[in-house]
Amino acid sequence: MRSYTLISPAKINLYLEIISDRSDGYHELAMILQSIGLADEINVQSLSNQTIRVNCNHPQVPTDKSNLAYRAAALMATQFPQALAQYGGVEITINKHIPVAAGLAGGSANAAAVLVGIDLLWNLGLTKSELEELGATLGSDVPFCVAGGTVIATGRGEKLSPLPSLDTIYIVLAKYRSLEVSTAWAYKTYRQEFGSSYVIDTENLAARAAAVHSVPIVKAILNKDTREIAQKLHNDLERVVLPAYPQVSQLRELFAAQEGVLGTMMSGSGPTVFALVESEKQAQAVKLQIRAAVPDEDLELFVTHTVINGIQVTSSMG
Ligand code: ATP
């Protein structure tokens, strides 16, 4: 049986601006997404019958049709029925390292890995943009997860404009295991409290999205100026998540007070908080300082760094 093993990296948001409400219930966003070394490992293996099966080592992740990796495989089966008949179904095994419901796009990264893996298993030869287009039907973050790196994402997050790769920046991540923030709740609350009531003119929107290319953090990225990037981190969703989740707010303050931290922010809709740090040594020291301040076992801490790629194949068999 043929199989591929792929690395599926998480992302953080260096920048998240909610530009306006949309009539379809989504929001027009301007984001800068960054792939990080914290990643899941996904194995896709062909099956002799035409079924899709998902295994996952994480108790909170469903293995039924609601799993995003399952949905990615089901989409490929619908799109390419002849390939399904020729090559058979697929067994997907997810080795989870990315915290779940954390604002790190773990599920989206898994879905992107399955698209890339099945493309290989079934010899489809799809291009990156074809894979991204398929990904967009599964979720707003899936297209970014295919190729990853450092990217400006507009629309609902699916319109991608790559930026030059950053030199490695070390990152400390903190998340309370038992704390989950619903992405839908965060956006809904933002809409209720700060939503715009004006009717959207799509031409203006395109201009507004284009203007993202000149926001200060983009200039800092183009200059590969880590200190400046760290100073210009931004996330509109902090306005609703921090007041509602004091633990997240405390983590933010704790990170900001640590020596060696260049900047700190919540990722996506949270509750993960990250800090950009100058070196790996400092990142390890910051992790120890946070652990000493919060001895609670419920708090997960990770040291990782920026990476320049999304889904990567690490091995193949058969
Ligand atoms: P985003 O940053 O894109 O909002 P997230 O990091 O907040 O995503 P995920 O880890 O993708 O959130 O999980 C969100 C929900 O999706 C969880 O409640 C989980 O049960 C479900 N889920 C479905 N498939 C997966 C998967 N493959 N990995 C993780 N969670 C999954």
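User: Which residue has a polar backbone atom 2.9 Å from an oxygen atom of the ligand?
Analyst: That residue is Ala101. The pair is a polar contact, that is, N or O atoms within 3.5 Å of each other. This is a predicted model, in which local features need pLDDT of at least 70 and side-chain atom pairs pLDDT 80 or more, while totals for chains, interfaces and linings use all residues. Residues are numbered from 1 along each chain as its sequence is written, and side-chain values use heavy atoms, with hydrogens and water left out.

User: How many residues surround it, the ligand I mean?
Analyst: There are 21 residues around the ligand (a heavy atom within 4 Å). The closest are Ala101, Gly103, Ala105, Gly107 and Asp141. By class, the shell holds nine nonpolar, nine polar and three charged residues, with Gly counted as polar.

User: And which helix gives the most to that shell?
Analyst: Helix α3, residues 106–121, gives the most, with four residues. Helices here are DSSP runs of at least four residues (H or I), and strands (E) of at least two.

User: Changing topic: what does UniProt list as "active site"?
Analyst: The unreviewed entry lists Lys11 and Asp141. They are spread over 131 residues of sequence but cluster in space, with a largest C-alpha distance of 9.2 Å. Lys11 lies in strand β1, residues 3–21. Such annotations may be inferred rather than shown by experiment.

User: What about the backbone of Ala105?
Analyst: Phi of Ala105 is near 60°, a positive value in a residue other than glycine. Ala105 sits in the loop between β4 (90–95) and α3. Most residues other than glycine have a negative phi, and most peptide bonds are trans.

User: Which peptide bond is cis, then?
Analyst: The bond from Gly270 to Pro271 is cis, with omega near 5°. Pro271 lies in the loop between β9 (261–266) and β10 (273–277).

Technical notes:
Polar contact = N/O pair within 3.5 Å; in protein donor to acceptor, adjacent residues only side chain to side chain.
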